[in-house]
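The sequence and structure are shown first.

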Amino acid sequence: MEVKPNETKQISPFFVFFLMPGMQIGVGILGFERIIAKEAGQDAWISVLISGLIINVLLWMCFKLLGRGPQTLDLVAIHKDLFGKWVGNAFNILFILYFIMISIILIRTYLEVIQVWMFPGVNVLMLITIILILVYRFVEGGFRVITGFCIIGLIIGSPLFLLNYFPLKYAHFENLGPLLDHSFLEIMKACKKMTLNYLGFELILIYYPFIKNREKSQKWAHLGALFTMVIYVVSILVSLAYYHQDQLKDVIWATLTLWKIVDLPFIERFEYIGISVWLFMVLPNVCLGVWAASRTAKRVFGFRQKKMMVLILIIILVSCIFLDNRYRIDKFNTISSQIGFYIVYLYLPLLFIWQSIVYKVRGHKS
Amino acid sequence: MKIKLLLITLASFLMTACGVEKQILEDILIAEVVGYDDAGDKKIKGTVVVSVPQPGEEADLGKEVYEADSHDIKAARQQENAKTPYPIVGGRLTVTLYGEELASKGLNDYVDTYRRDPMVGRDLYLAVVHGKAEDVVKMEPKLIKTPGVQVKELIEQNIRTNLPDVDLHRYLYACHGNGIDPVLPLLETTGNQIRVRGIALFKKDRYIGKYIPYEEGFLYKVLSENFKLGSYEIKWKENDFTDINNVESRVHYHISNANQDPKVRIEVKMKASLLEVQGYDLGKAVDLNKIEVRAERVIGKKLNEMVTMFQENHIDPLALGDHAKSKTRNFDQKHWEETYPDIPIEVDLDIEMIQTGIAE
Amino acid sequence: MRLFKGKREMDSGSFQVTSKDFQELLKKFKASDDFLTFQFPNDDGYIISYFNSLVSVQQLHEQVLAVMSNQPKKVLKQLKGDIPMEDMKLTADLKDIQRLVLAGSIMIQYKQDDEMCLLIPCVHSVKRQISTPESEYTVVGSKEAFVESLDSNLNLVRNRLPTPELQSKEFRVGSISQTRIAVLYIDGVVNQQNINTVIQRIEDIEYDTIVDISFVSQMITDNRNSMFPQLIDTERPDHLASVLSEGKIGIMLDGSPHALVGPNTIISFFSSFEDYFQIWNLGTSFRLIRLFAVLFSVLSSPLYVAVLTYHYQVIPTDLLPILISSRGVIPFPPILEAIVLEGTIELLREAAVRLPAKVGSTIGIVGGIVIGTAAVEAGFVSNVLLMLVALAALASFTVPIYQISNTIRLIRFPFLIAAQLYGLFGIALCSAFILSHLLKLTSLGSPYLDPLYPLRIHDFKDSLIRLPFSKQKKRPQFLRTENPLRIRKEAEKRNIRNDIDE
């Protein structure tokens with residue numbers, strides 16, 4: 001099935017720079033420091049750095065996968081090309097479920113933050129419904145609207161990164177030493193735990209056909225992924241300097257707790273404002289996830305994308321009903337992190353290798 | 001389709017009446033200072049000051065005190081609510097006071113709730129009270145002539161000069177860290193005022209009963225952090241005093257060989273100005289040097305004494321253990337703790353007089 | 001975009017000649033008392049008929065009757081050559097006769113009941129003098145504003161753009177009103193597709209009476225349900241000339257002193273024409289002030305409601321006593337207080353518009369000061385909120401375009417409700433809803449949120465900041481003009497020798 005959205009519905013390659021962090025920076029950044037620091041201690045930032053570089057390598061593999069020609073323009077096409085219709089579609093369905101899973105995690109974790117930090121008694125179901133209606137409005141506008149939302153979300157959310165200035169006044173940079181005091185295995189374990197936060201770049205496999213001048217977008221994609229990496233590294237550096245290592249193991253949402261100390265003359269307790277503004281960073285993620293899932297479903301089953309989207313939203317709503325306490329959410333997070341890890345670190349390289357072999361064989365034949 | 005969407009949105013917005021708990025500003029009592037005392041038999045007594053809006057045009061706030069007995073903090077809050085017309089909320093809590101007795105039994109259980117509660121900020125001040133915390137808390141509403149919460153302003157103002165910078169975050173940092181022990185301000189009531197008595201020393205989360213008196217607080221601050229203000233009175237001999245003002249003071253820790261044979265050298269560089277002299281003639285440069293040397297000697301001795309006192313009591317408020325850990329690979333925590341009282345710690349003080357005020 | 005799906009064959013503003021034949025039409029004309037019919041120069045002469053209210057009597061006397069009086073009666077065709085007027089028509093077509101007579105022409109028949117008539121235009125137009133603009137007043141700059149007559153307006157515009165590329169296409173809209181509408185653009189600069197879209201939409205208008213250009217605006221706009229105007233109107237000919245040369249399209253209606261301009265972006269919310277009259281740093285600062293004013297105006301009372309209802313922890317300690325004591329005596333929760341105050345301000349605004357001038361200022365003072373003070377003293381509202389709401393109302397008037405200030409007034413209310421439901425998070429949700437609406441909005445096809453999205457760095461030069469003219473070499477990208485260059489040649493750099501180089 002060839003994929004050719006109209007030129008009027010495409011975005012210019014520069015915007016991929018915004019789509020990358022838009023999809024990757026979600027809710028994980030608020031609380032990832034604890035998980036990583038448990039494994040790697042004060043060398044956690046090295047794990048984050050290495051993780052980010054590996055992601056860039058995987059991104060390069062994605063572009064190679066996509067660049068073989070008009071029959072490999074997106075994931076569905078690649079699967080069909082390599083595995084034929086039936087097996088390919090089986091993989092596609094797996095990916096649909098995977099995208100839905102990411103969206104569920106994002107929404108539920110964010111709402112958990114709201115439940116714990118802002119409104120303890122809130123009726124989560126109602127909030128989820130409202131957010132899902134918002135998602136519907138955005139996704140129904142099409143890919144360009146979602147990209148616009150990503151960009152604007154990043155612009156609105158970027159002043160929050162400047163808040164890292166405040167903890168620096170209390171920073172103990174000696175916490176970062178001694179350097180490399182942990183074994184290679186520990187650092188790698190931390191890298192593995194970091195995957196959930198970097199997930200999102202693989203969506204390029206779905207929206208690649210929507211980019212004008214596709215070859216030019218690779219540079220922007222890598223820059224975007226590097227930008228995400230820098231943001232994560234700065235976050236964890238600040239957290240490591242501010243908290244004592246053993247303290248960090250108990251603080252569930254390290255970055256959020258950092259916002260408590262922001263001291264502006266007319267506002268105290270910045271975290272309430274921060275969490276509300278964070279909506280603009282989480283929502284684009286969810287919108288992209290739902291869009292990717294519904295688009296893949298449309299390509300596989302042939303139904304209209306809008307109908308698929310409504311179905312997916314209902315699935316998300318129902319799943320969130322089941323995830324109603326911290327324990328379950330945590331477990332779901334861990335499972336998704338594992339699945340994400342296998343898909344990204346195992347499946348993608350294997351796909352890449354398989355495709356190279358197949359093309360070499362085909363090349364020899366013709 | 002669009003109208004349907006709009007209706008659904010509106011309906012879901014409106015149906016959320018069963019949703020969020022409101023805390024309208026004038027319908028709550030904002031707790032400002034709270035104090036906990038040991039009430040025997042594993043119970044604690046909580047006393048809290050809240051601000052109450054007064055009717056009328058001026059922005060006057062009255063204050064009320066409520067107290068209750070219970071086993072833990074949140075239950076005490078609940079009991080206090082039995083007496084109040086509006087619920088007491090702790091979002092704007094500024095200071096938490098602990099009675100001496102309670103502090104010597106260990107504070108971890110009582111600080112834990114502030115660690116978990118998302119409503120509490122990290123700039124909460126903690127302090128120990130010489131005697132009972134409720135005395136200080138009950139005195140608070142009587143001191144309404146100056147604005148603000150008395151205790152908080154008191155602590156904050158003194159942090160600039162004689163108290164170390166300690167708030168909830170630093171306390172937690174020190175408590176969790178393996179090589180640090182926290183310190184807290186020690187308050188007392190004298191007559192009808194609240195006074196800072198000194199710096200209370202802790203071993204992990206227990207108050208060991210010893211404290212650094214207020215006048216020596218400056219020395220402790222010099223040892224533990226870089227700061228810019230404060231003054232200290234040096235006693236040369238009987239009836240001979242000089243007051244030096246600190247313009248800038250920096251401290252460096254040099255720890256060598258932490259795992260086998262630790263040696264610590266604390267290097268303090270102070271730039272000071274002299275604002276009150278009795279007896280010396282500052283006209284000649286020689287005299288200035290003499291003052292420097294003498295000050296270094298006098299203050300240096302006191303600093304060494306303080307450090308020895310820390311060692312004897314097995315406490316490490318200066319975070320030496322933590323510094324050692326960050327500089328050595330495979331730091332052996334146990335070994336450090338065992339040899340701590342015998343580690344030769346040397347304080348190296350260097351004072352530079354840079355100003356003498358506007359007169360000679 | 002068609003309002004009612006009518007029959008396609010009729011052109012815009014098509015009207016039905018409801019009379020079956022000439023006699024019936026004449027009977028309808030004669031039913032009005034201002035339709036004069038007489039014979040000239042004597043009982044055997046021509047039959048001259050016209051609407052007294054539409055015809056310039058002076059022209060009739062001087063150009064027509066004077067010629068006719070000293071000549072023998074001729075056939076109409078010969079008469080046409082004698083009379084020194086332009087654009088005369090000799091016709092028996094009912095449509096033409098109806099239209100022209102009702103536009104101010106004189107109808108001359110050779111003899112009674114003759115169906116062939118000579119129609120001579122002698123229009124007497126009553127128009128307003130050119131006066132100062134009401135809503136777009138600037139301190140410096142021209143003080144001419146459009147008037148109701150389309151021809152005068154075209155005169156004002158053509159004087160400022162004396163180029164043959166400035167082309168105007170005229171149509172008629174409204175089946176009864178038959179109003180003339182003109183579309184102006186500069187050929188070679190404007191995007192041809194935009195022109196075609198506009199013309200297509202105008203031709204699709206189906207309505208009986210179009211009296212004001214805002215009707216047209218609502219009918220041809222992209223999204224009819226949106227509170228955000230996609231076509232801006234302007235009163236000033238210099239403004240219109242300026243935007244036409246950027247590549248936008250202007251639409252003018254006979255009888256309306258405003259001209260529509262499109263396509264627009266959201267930046268038009270904040271930019272006033274006066275920004276161009278000042279040095280670029282001043283212009284930029286004023287735009288930023290306006291941006292802040294709009295944000296403040298929309299968000300201040302919702303923030304007040306949200307913080308006081310849910311998030312008391314955000315208030316700094318020193319501000320707490322003031323707020324608590326000001327709210328202590330008030331019996332209502334913050335949301336009711338806010339709605340009451342906002343409602344009062346809306347009432348004041350509506351009343352101020354409709355009051356006659358002499359009474360208006362007194363009521364303003366009474367309403368504003370006396371009621372406000374009394375309300376605070378009675379403990380009905382708090383003075384903090386009163387101050388906020390008054391400032392917000394003031395801030396909403398800084399927006400230079402009238403339609404947008406209406407939008408801002410009303411957008412506040414959904415935010416208030418959202419703040420009441422979910423506090424700060426509710427405000428974020430409401431902004432996300434509005435953002436989702438704005439992202440999908442287009443104005444004549446180009447995206448509304450340009451240059452923010454799609455990110456066009458070049459267009460930022462004239463958005464919230466206004467760079468000097470020398471830096472604005474190209475026309476805005478979102479207009480997709482055919483000729484993007486504005487400045488052909490770089491201005492020569494002036495060599496100023498500094499003292500330090502001597």
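## Aromatic pairs

Both B:Trp336 and B:Tyr340 are buried. The model is a predicted one, and a search over all of its chains gives 48 aromatic pairs. In the pair formed by B:Trp336 and B:Tyr340, the ring centres are 6.4 Å apart and the planes meet at 40 degrees, so the arrangement is tilted. An angle under 30 degrees would count as stacked and one over 60 as edge-to-face.

Another pair is made by C:Tyr46 and C:Tyr110, with ring centres 6.4 Å apart and planes at 70 degrees, so this pair is edge-to-face. The cut-off for buried is under 20%, and exposed begins over 50%.

## Ring cluster and charges over rings in chain A

In chain A, ring pairs connect A:Phe14, A:Phe15, A:Phe17, A:Phe18, A:Trp220 and A:Phe227 into a cluster.

Two charged side chains are placed over aromatic rings. A:Lys192 has its charged end over the ring of A:Phe341, at 5.2 Å from the ring centre. The charged end of A:Arg362 sits over the ring of A:Tyr359, 5.2 Å from the centre of that ring.

## Nonpolar surface patch

A:Tyr342, A:Leu346, A:Leu350, A:Ile353, A:Ile357 and A:Val361 make a nonpolar surface patch of about 570 Å². One of these residues, A:Leu350, is located in helix H14 (residues 326-365) of chain A. Its relative accessibility is 55%, so A:Leu350 counts as exposed.

## Overall form of chain A

Chain A contains 14 helices and zero strands. Read from the N terminus, its elements are accordingly listed as α-α-α-α-α-α-α-α-α-α-α-α-α-α.

The C-alpha trace of chain A spans about 65 × 45 × 35 Å along its principal axes. What radius of gyration does chain A have, and what would a compact globule with 366 residues have? The radius for chain A is 21 Å, and the globule would have one near 21 Å, so the two agree. Of the 366 residues in chain A, 63% count as buried.

Methods:
Residues are numbered from 1 along each chain as its sequence is written. Chains are lettered from A and ligands numbered from 1 in the order in which they are written. This is a predicted model: local features need pLDDT of at least 70, side-chain atom pairs count only at pLDDT 80 or more; totals for chains, interfaces and linings use all residues. Side-chain values use heavy atoms; hydrogens and water are left out. Rings of Phe, Tyr and Trp (its six-membered ring) pair if their centres lie within 6.5 Å; planes under 30 degrees apart count as stacked, over 60 as edge-to-face and the rest as tilted. Buried means under 20% relative accessible area, exposed over 50%, partly exposed in between (1.4 Å probe, protein chains only). A charge sits over a ring if NZ of Lys or CZ of Arg is within 6 Å of the ring centre and within 35 degrees of the ring normal. Patches are made of residues with over 30% relative accessible area and no salt bridge: like charges are joined within 9 Å, nonpolar side chains (Val, Leu, Ile, Met, Phe, Trp, Tyr) within 5 Å. Accessible areas come from the Shrake-Rupley method with a 1.4 Å probe; for residues, only the protein chains shown count as cover. A salt bridge is a side-chain nitrogen of Lys or Arg within 4 Å of a carboxyl oxygen of Asp or Glu. Helices (H or I, at least four residues) and strands (E, at least two) are DSSP runs, numbered from the N terminus. The radius of gyration is taken over C-alpha atoms; the globule rule is 2.2 Å times the number of residues to the power 0.38.
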